[in-house]
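Have the sequence and the 3D view ready, and look up each pair as you read.

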Amino acid sequence: MNLSEHDISLQKLFDTNRAFIEKDAAAGVNLARVKAAEAFAVQGIPSSKVEAYKYTNLQPWFKSGFEQAYGLNGYSADDLKTFECNVHEMESHTIFTVNGKFVEGSSGHALPEGVVAGSFLELSQKYPEIIEKYYGRQAKVETDGFIALNTMFAMDGLFIYVPKNKVVEKPIQIVNVLTGPSDLMVNQRNLIVVEENAQVRVLFCDHTLSMSRFLVNTVTEGFVAESGMLDFYNLQNQHNGTVQVGGYYFDQEAKSQLNANYFTLHTGITRNNIFSRLGGEHAENHISGLYVIDKNQHVDNFSFIEHAVPDCESNELFKGVMDDASTGAFTGRILVAPDAQRTNAYQSNNNLLLTDSAKMNSRPQLEIYADDVKCSHGATVGQLDENAMFYLRARGISKEEANILLMYAFAYEVIEKIKVPSLKEQIRQLVEKRFRGELDKCDSCVVCGQLGTNLIKAN
Amino acid sequence: MLKIRNLHAMIDGKEILRGINLDIKAGEIHAIMGPNGSGKSTLASVLTGNEAFEVVEGTVEFNGKDLLDLSPEDRAREGLFLSFQYPVEIPGVSMTNFMRTALNEQKKYRGEDVLSASDFLKLMRDRKNLVDIDSDLTNRSVNEGFSGGEKKKNEIFQMAMLDPKLAILDETDSGLDIDALRIVANGVNKLRRPDNATILITHYQRLLDYIIPDHVHVLYNGRIVKSAGKELAHKLEENGYDWIKKELVG
Ligand SMILES: Nc1ncnc2c1ncn2[C@@H]1O[C@H](COP(=O)(O)OP(=O)(O)OP(=O)(O)O)[C@@H](O)[C@H]1O
Ligand SMILES: [Mg+2]
């Protein structure tokens, strides 16, 4: 493949800054850059000619014109004090990153012994054996130009390690803030390792605090060992000038549980790559998403569930409420390996289109090589039910309020999947606010602050 | 209370109501009977403002207001209620949230204070008893998975909650077992006051044994072709509609 001008500009940017990028990084992370740069030279940023990116052309965006986020972009840790209500959160497990960089002093200190959650830059050096074992294992650089790009530029992000048998009761909340006066490209890298029989809940909140344009290319790898549990939430509330590629690469061993939930409440362009490999028998996952978009916003959820062994179960539910000229895509790839017998794989994608100009592309892609498999998939695109609408109005409920009730009714199934009651209530309120059009008034959001406070109360 | 004059309505280019005239005064109970497809539900839909139907001629006055000029929600807020022949299932909208929203919007419209959470729950409990509806039902989504009879009971529960001036009960009796029928009828009777009125759309005399109508009308082919006292219902029960059809031809 011939690299585009943009790709070449990114390669140059990497070459120029390589010494700086590698200076403080762990050896294993630097080693991975070699393969990543080679892989990028082959693939570049995928254009919409690449089948997996058919509905989202990101090539025009990713170029060196955006400054790389190496620092805090003029933002100082002091500025975090403006997050008034976050003081409480410091006591719980709340961690901030600003422009992909871990903010010193914000790591939760009440974590059970042996559990770490903090700077990827720092902890990857402290735990070379974890880097060696897991880093880049599930997010393979040769499979996607975005993984390659991230692995080239990766400096900081989150590193969460939950050793064998440890259970982290309170959720670990990571507030990813994008801010500063200049436009930025951010390549944040996160690693979550949940060992045997360990449990953790992780919430990533993605926010923008300034009106600069942001290009985000995040890679999060999550490993769940035998009988482990990872409960993962992503709440995205970014302004329209944000382009975010979120790559989430999970690998599960026997009897493990993964719940991954994606809430896209505000964005410019979002592409989520959600990969999950069921690599041990009797592993199970539940992956869901809710996207509420309007204006020219675009959300593309691309999921790939790999049933590598027998007796696993996967469940996917993605729902979208789309207004104005917003556009969306969903791809649900399910691969069932030849000997992955007694596989259960369920998938559905339902969309509510509020206007004629909103457009949705939904495609299941099933590759089933085993014969004893229960697999179902379904995609729907529809409008609000007029009979239900009239029924509500006939009881004295205004058209606007009836609209909100019905949109909420459509979305609630996804919200129901949230396992932390206080978080569920918080997201429920946010979604309702979003339906009322009240959420897009703020380009930033102190949501996470309120959330943290509530979480403390509930625990 | 309600004055319908020469009401004509169409759907899909087909004229269903072909000149309805009807007067209802406060305190009265009217029964509307008539063969399948004669336009009874259509009349109810048109009165409550279902936009699927187009009113092509005629006027409707409700407590001095031009009813046809109001949105469906404003008609409800003015005190009009329809117990649907086929109540709609709305998964994801809880009965409680639905009723609270409806009641509060009606109260706001009328310039009354909205109910506190505890007063609202008290009212719910009280009205549930009145129609003997299972508590479990009001904890679920609106009509979702309700049996036919439960849906009908739920309509009367909503009516009891909203306390309308004019209630139209479209075949609320069909699908009810004998006990449920009695409970629903008792509920309606208890809610009866000198300042409200009820229209019962029904096929069966049975309901009218419990709720005694002041007037019985026969709707046929989009027109009210006969009006009389409660004895008319007995006659229809015995003889069907053929004699009326013959009268019309003859
Ligand atoms: N949405 C619609 N589209 C087309 N025709 C309709 C529609 N709704 C009603 N009609 C027609 O209007 C006529 C009157 O229907 P309506 O439901 O008012 O009858 P009804 O008197 O209530 O009958 P029943 O006793 O069976 O309930 C019928 O011929 C019916 O097919
Ligand atoms: Mg009918």
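This briefing walks through some salt bridges in a predicted model. As background, side chains of opposite charge can pair when their charged atoms come close. Over all chains, the count comes to 39 salt bridges.

**Around A:R277**
- A:D251 forms a salt bridge with A:R277, and their closest N and O atoms are 3.1 Å apart.
- This pair links distant parts of chain A: A:D251 sits in strand β12 (residues 242–252) and A:R277 in strand β14 (residues 269–278), 26 residues apart.
- A:E306 also meets A:R277 in a salt bridge, at 3.9 Å from N to O.
- Here strand β16, which holds A:E306, is linked to strand β14, which holds A:R277, and the two residues are 29 residues apart.

**Buried or partly exposed?**
- A:D251 has a relative accessible area of 6%, so A:D251 is buried.
- A:R277 is partly exposed, with a relative accessible area of 27%.
- A:E306 is partly exposed too, with a relative accessible area of 25%.

**A buried pair**
- The side chains of A:D300 and A:R271 meet in a salt bridge of 2.8 Å, N to O.
- A:D300 belongs to strand β16 (residues 298–307) of chain A and A:R271 to strand β14, so this pair ties together parts 29 residues apart in sequence.
- Both A:D300 and A:R271 are buried.

**A network**
- Salt bridges also link A:E401, A:E425, A:R428, A:E432 and A:R436 in a network.

Methods
Residues numbered from 1 in each chain as written. Chains lettered and ligands numbered in written order. Predicted model: local features only at pLDDT ≥ 70, side-chain atom pairs only at ≥ 80, totals over all residues. Heavy atoms only, no water. Salt bridge = Lys/Arg side-chain N within 4 Å of Asp/Glu carboxyl O. Helix = DSSP H or I, 4+ residues; strand = E, 2+ residues; numbered from the N terminus. Buried < 20%, exposed > 50% of the residue type's maximum accessible area, 1.4 Å probe, protein only.
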